[in-house]
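Me: I have a structure open and would like to learn how to read it. Can we go feature by feature?

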Amino acid sequence: MATVFHTGPDRDVAARYLAAALKTHKQAEIARHLGVDARTVRRWTVEQSVPAHYAFGLQRLLPLELPFADDAPFTFIDLFAGIGGIRMAFEGLGGHCVFTSEWDSYAQKTYADNYPGGHQINGDITQMDATDIPDHDVLLAGFPCQPFSIAGVSKKNALGKAHGFACETQGTLFFDVARIIEAKRPRAFLLENVKNLVSHDKGRTFDVIRRTLTKDLGYHIHYRVIDGAHFVPQHRERILIVGFREPTNFDFDALPLPAKGRRTLREILHKTDGREPLLPWDGDRFFNHAGQRVDPKYTLTDKLWAYLQGYAAKHRAKGNGFGFGLVTPDSVTRTLSARYYKDGSEILVYQGENANPRRLTPRECARLMGFPDTFRIPVSDTRAYKLFSQAAVVPMIEATAKLMTSFISSKNSANMVATVPPPKDIMVTRLWTKEQVKLAFHLYCQLPYGRIHGRNPEIVALAKVLGRTSDAVAMKMLNIASLDPAITSTGRAGLGNASALDREVWDEFHADWERLAVECQLLRQQLDQNVVEDLELESDELLPEDFTGETRQVLTTQRIKQHFFRRAVLSSYRGRCCMSGLSEPRLLVASHIVPWSKDKVNRLNPSNGLCLSAIHDRAFDKGLITLSDDFKIVISEELKQRDEIFVREVLLPLDGISIELPERFTPSIEFISRHRANIFVDNRTA
């Protein structure tokens with residue numbers, strides 16, 4: 001089965017691509033195209049599973065015009081498109097590309113191979129009349145970064161050439177983006193560039209960009225420098241500029257950023273143990289499948305390796321930091337640069353003491369940038385290295401796109417609720433009461449952080465109950481987020497305007513989760529009589545041991561408690577088992593670290609919870625697996641001695657692997673230590 005290394009597009013988009021492909025291709029043909037077996041495709045067709053990670057490959061099987069393009073939730077144009085990394089992210093969310101511009105012929109060839117049909121690829125955007133560009137909802141542009149990059153500025157200074165906006169060939173291309181925005185007035189845009197754009201020319205360059213977008217064009221912009229190492233094993237800092245025609249409560253603080261260092265080169269390097277997928281479009285170009293080894297041409301020659309070592313030694317003697325970057329499977333690399341094709345010096349893969357290091361192959365570079373294995377590389381290695389070095393980090397753009405699309409309505413969605421900014425004096429003339437803040441905090445605990453925005457139906461419903469705008473409620477929840485250490489420790493800060501009352505409610509909840517969870521649910525019930533009726537019980541663990549004589553009120557109270565705990569835990573883990581990655585909600589359990597019966601005070605504390613599949617929950621509950629204090633999975637010796645296929649293939653490979661940490665309510669080390677000491681079978685006394 002082909003391996004894909006980014007989160008992939010939405011499940012419904014993949015299902016639609018499959019349905020369209022089946023109209024013109026047999027199941028066996030689809031299987032061969034994707035590099036999977038025919039049984040996998042059959043499971044997809046009967047909806048036993050969904051090909052979410054194969055949507056990009058399925059798209060290539062479709063006719064020139066997608067049969068459902070008119071139903072796309074939004075349209076977009078792709079300027080300075082390169083090889084289509086930004087397009088991939090937005091198309092993966094169901095968007096429909098209506099115009100592409102890219103002048104480099106090698107990028108055009110790569111783009112055309114991966115996005116067949118639909119429309120032609122236009123060349124030099126400076127020669128295009130803005131009125132000839134189709135109307136669109138979103139403008140995407142990774143406008144050239146060389147005039148602003150550290151390397152680009154250094155090179156131009158050395159050559160005595162101008163840089164930034166003074167660069168006549170590239171620096172002024174931003175103004176072509178601006179004139180298209182002015183003419184077409186899209187609902188939103190996303191611009192991507194190097195982080196040095198912010199500091200170039202002592203900040204004057206970025207000030208011109210910001211004033212152009214806001215003062216001249218009237219857009220509301222948000223920007224953030226983000227390191228790609230949150231998403232791929234590569235340090236690659238880029239500035240993302242998001243703009244909206246209308247005011248919204250878009251907030252980069254709501255962007256989920258996985259911890260750096262959790263993605264390592266081990267994920268993207270060719271596998272020499274038989275697990276490397278055979279990709280028909282690659283063949284043995286990069287990897288010799290018969291010999292299970294990377295093609296020797298990527299290993300440095302003795303002469304080049306000696307030169308690089310000597311060059312590094314010379315600069316070390318001068319106190320400089322220049323030199324090669326030697327990496328291992330556990331490394332996170334430097335930034336892949338446009339000069340990588342020359343000697344690969346910034347990222348050289350260690351191959352042992354008795355062997356010269358090697359370059360990454362172009363396929364590994366594609367993976368390093370977050371492209372799936374279905375992405376075709378139709379150009380030479382030299383050209384491929386250059387193209388990937390100039391591409392966007394796909395999963396980073398995808399995460400931003402998901403956040404943006406919450407505020408973008410389709411041209412066919414005129415009835416959608418528009419985002420309305422709250423009155424400026426809302427916090428002055430209508431002070432929040434303690435009960436209102438409690439209800440906001442109560443919902444904050446139960447929603448994924450990325451879904452806290454004014455168009456979320458649950459926030460809209462709460463706003464109606466409170467008599468406030470949905471944006472005001474969302475803003476209050478983001479203020480509460482600024483008190484959450486799990487959020488602030490990742491560099492996000494919510495809105496940072498938490499009041500003394502917000503802090504009081506925060507402390508009150510953490511002191512007594514059970515009382516506040518029930519109090520808030522019952523308070524909400526008083527305001528909306530239908531709220532409690534939909535509560536479902538996950539299991540009977542919170543019910544009294546003998547509830548036959550209990551009142552309806554007692555049973556309702558227990559149901560409220562468990563419903564809150566389940567939603568708080570599952571939303572914090574983004575609805576995925578933290579050990580296996582399983583996302584089927586019917587198979588997920590909000591598992592207690594310290595059993596509820598052993599710690600009444602913390603049995604509704606989300607930091608005492610893990611999101612686990614049913615099988616992993618059972619193993620954890622019975623002490624067959626536990627966690628170390630650095631959140632790595634520990635398998636008991638009892639399980640290791642079981643000679644069963646399921647144990648060997650499903651449970652034992654987890655030993656020593658880090659769990660996927662939640663975006664909020666990080667598991668308490670105290671609770672983990674108690675589980676390890678009192679529940680884990682290896683530590684039980686006879």
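Me: In which sense do strand E4 and E5 pair, and over how many bridges?

Reply: Keep in mind that this is a predicted model. To read a pairing, look at the direction of each strand, then at the bridges. Strand E4 covers residues 138–141, and its pairing with E5 is parallel, over 4 bridges.

Me: Which way do E5 and strand E7 run?

Reply: They run antiparallel. Strand E5 (residues 188–194) is joined to strand E7 (residues 237–244) by 7 bridges. Follow two of the partners. Ala188 has Phe244 as its bridge partner in E7. Phe189 has Gly243 there.

Me: How many residues of E5 are buried?

Reply: For burial, check the relative accessible area; under 20% counts as buried. E5 is mostly covered, with 7 of its 7 residues buried. E7 is mostly covered too, with 7 of its 8 residues buried.

Me: What does E6 do beside E7?

Reply: E6 pairs with E7 in the antiparallel sense, and 8 bridges hold that pairing. Look for Arg224, which stands opposite Leu240 in E7.

Me: Now helices. How far does helix H20 reach from its first C-alpha to its last?

Reply: Compare the span with the expected one. Helix H20 (residues 500–511) has 12 residues and reaches 17 Å. That is close to the 16 Å expected at 1.5 Å a residue.

Me: Which residues of H20 are buried?

Reply: Start with the general idea. An α-helix has 3.6 residues a turn, so residues three or four places apart point the same way. Now the case here. Asp502, Val505, Trp506, Glu508 and Phe509 are buried in H20. Seen down the axis, the buried residues of H20 fall within an arc of 165 degrees, so they line one face of the helix. On the other side of H20, the exposed residues are Ala500, Asp507 and Ala511.

Me: What do the buried residues of H20 pack against?

Reply: They pack against four helices you can pick out by number: H16 (434–444), H18 (470–481), H19 (485–488) and H21 (513–527).

Me: How many aromatic pairs does a search of the whole structure find?

Reply: It finds 22. For each pair, read the distance between ring centres and the angle between planes. Phe174 and Phe175 form an edge-to-face pair, 5.4 Å centre to centre, with 65 degrees between the planes. Phe174 is buried, at a relative accessible area of 0%. Phe175 is partly exposed, at 35%.

Another edge-to-face pair is Phe509 with Trp513: 5.8 Å centre to centre and 70 degrees between the planes. Phe509 is buried at 0% relative accessible area. Trp513 is buried as well, at 0%.

Me: Which residues do ring pairs link into a cluster?

Reply: The cluster holds Phe441, Tyr444, Trp506, Phe509, Trp513, Phe564 and Phe665.

Me: Where does the charged end of Arg664 sit?

Reply: Find the ring, then look above its centre. The charged end of Arg664 sits over the ring of Tyr444, 4.7 Å from its centre. Lys386 lies over the face of Tyr341, at 4.6 Å from the ring centre.

Me: How far apart are Ile669 and Asp629 in sequence and in space?

Reply: Read the two distances side by side. Ile669 and Asp629 are 40 residues apart in sequence and 5.9 Å apart in space, C-alpha to C-alpha. Ile669 is found in helix H26 (residues 669–678). Leaving aside neighbours within four places in sequence, Ile669 is in contact with Asp629 and Phe631. Ile669 counts as partly exposed, at 34% relative accessibility.

How values were computed:
Residues numbered from 1 in each chain as written. Predicted model: local features only at pLDDT ≥ 70, side-chain atom pairs only at ≥ 80, totals over all residues. Heavy atoms only, no water. Phe/Tyr/Trp six-rings, centres within 6.5 Å; stacked < 30°, edge-to-face > 60°. Buried < 20%, exposed > 50% of the residue type's maximum accessible area, 1.4 Å probe, protein only. Lys NZ or Arg CZ within 6 Å of the ring centre and 35° of its normal. Helix = DSSP H or I, 4+ residues; strand = E, 2+ residues; numbered from the N terminus. Expected span 1.5 Å × (residues − 1). Arc of directions from axis to C-beta. Contact = heavy atoms within 4.5 Å. Pairing = 2+ DSSP bridges.
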